[in-house]
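Subject: Model for your files

Hello,

Please find the structure below. My notes on it follow.

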Amino acid sequence: MDRNFEYMFYGFAAAWIIVIVYVISIALRERRLRDELDRVKRMLEEGQRESK
Amino acid sequence: MRTKLIVILSVLAGALLAWNLHTIFLRVPDEASQGAIFRIFYFHFPAAVTSFTCFFVAMFSGLVYLNKRDLRFDAAAAAINEVAFAFATITLITGMIWGRIIWGIWWAWDPRITSYFICLLMYFGYFMMRRAVDEPHRRARLSAVLSILASVDIVIVWKSIEWFRTQHPGPVLEIRGGGGMAPGMEAPLFWNCLAFLLLESALVLVRMRQQSIQSEIESLRRYAHAF
């Protein structure tokens, strides 16, 4: 029974690790995308200022 | 509006998961022959059912794309498939850990497990293909076709425990013609299915929001290049 508890823990731990790693990867992608969007918008504004 | 919905879905999923974990660990007794490890089933089954549901929704989204040629449906399908893939991986890993104790082996080339593995490989191929093809409509068309092909394998995975009686246990739940679970043991399973579905919906909405940001970036770049 002890072994069963140990492997039950491994099972739940594995499931949560997959969820957490996936959520972190999504959060990192979100930050990267928002940074990129800000950079492109800034670039566009600078370009428009220069053309004036 | 979308952010508010994501928050609501996440909070609901978190609360339901916390309540379910309390029930699974503190209220549900050990299974007579398997002991405590049978509790893995409370994550294994909901992850499988909800990921299959998502794969099918993504397949329908792909079909709608093929009909309307609207890239928003392709974006939705890709977001749904990605989230479903993460949960399908949970099913495979938790199943392997359960099998290590109950069967004494990590892996068996059993029809259910093999077809499931093939299903994961097909969706892995789906994501590889999406990275490889740049032209949006070509990528969307190929994705939809791959999604349809992979969903055929999902039907095989689902029915394999009825068609072939090998290593993997046959249907357990009464709704699938199995012997059923003891009173009080089945309800947390369905509640967990709902919790997983809520969590997956929140994640899909986040991925879809990210895809809108991505297309905004691309359209701004096109606009910048036009000048």
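Is B:Arg69 buried or exposed? With 12 C-beta neighbours inside 10 Å, B:Arg69 counts as exposed; a residue is exposed if 12 or fewer other C-beta atoms lie within 10 Å of its own, buried if 20 or more do, and partly exposed in between, with C-beta atoms placed from the backbone. The model is predicted: local features need pLDDT of at least 70, side-chain atom pairs count only at pLDDT 80 or more, and totals for chains, interfaces and linings use all residues. Residues are numbered from 1 along each chain as its sequence is written, while chains are lettered from A and ligands numbered from 1 in the order in which they are written.

B:Arg69 sits in the loop between α2 (41–68) and α3 (71–102) of chain B. Its phi is positive, about 60°, although B:Arg69 is not a glycine. Most residues other than glycine have a negative phi.

Chain B overall

Chain B has 6 helices and 0 strands, where helices (H or I, at least four residues) and strands (E, at least two) are DSSP runs numbered from the N terminus. The C-alpha trace of chain B spans about 70 × 40 × 25 Å along its principal axes. Of its 227 residues, 36% count as buried. Two residues are in contact if their C-beta atoms, placed from the backbone, lie within 7 Å. Among contacts in chain B between residues at least 6 apart in sequence, 76% join residues at least 24 apart.

The 26 residues of α1 (residues 2–27) of chain B should span 38 Å at 1.5 Å a residue, and the end C-alpha atoms are 36 Å apart, which agrees; the expected span is 1.5 Å times one less than the number of residues. B:Leu9, B:Ala13, B:Asn20 and B:Ile24 are the buried residues of α1(B), and they pack against α2 and α6 (187–226) of chain B.

For α3(B), 32 residues should span 46 Å, and its end C-alpha atoms are 46 Å apart. This helix is mostly covered, with 25 of its 32 residues buried. B:Asp74 lies in α3(B) and is buried, with 26 other C-beta atoms within 10 Å. Leaving aside neighbours within four places in sequence, B:Asp74 is in contact with B:Tyr65, B:Ala140 and B:Ser143. Just after α3(B), B:Gly104 takes a positive phi of about 85°.

Core

A nonpolar core is a set of buried Ala, Val, Leu, Ile, Met, Phe, Trp, Tyr and Cys residues joined through C-beta atoms within 7 Å. The largest one has 61 residues, and B:Ile37 and B:Phe87 are among those with the most contacts inside it. Two or more residues each come from α1 (2–51) of chain A and from α1, α2, α3, α4 (111–132), α5 (136–163) and α6 of chain B. The largest share, 18 residues, is from α3(B). Not counting residues up to four places away in sequence, B:Ile37 touches A:Asn4, A:Tyr7, A:Met8, B:Trp98 and B:Ile101.

Helix pair and chain contact

α4(B) and α5(B) pack at an angle of about 170°, with their axes 9 Å apart. Axes are lines fitted to C-alpha atoms, for helices over the stretch in contact, and angles run from 0 to 180 degrees between N-to-C directions. The pair is therefore roughly antiparallel, a term for angles over 145 degrees.

Between the chains, 26 residues of chain A are in contact with 27 residues of chain B.

Regards

Definitions and conventions:
Parallel < 35°, antiparallel > 145°, perpendicular 65-115°, else oblique.
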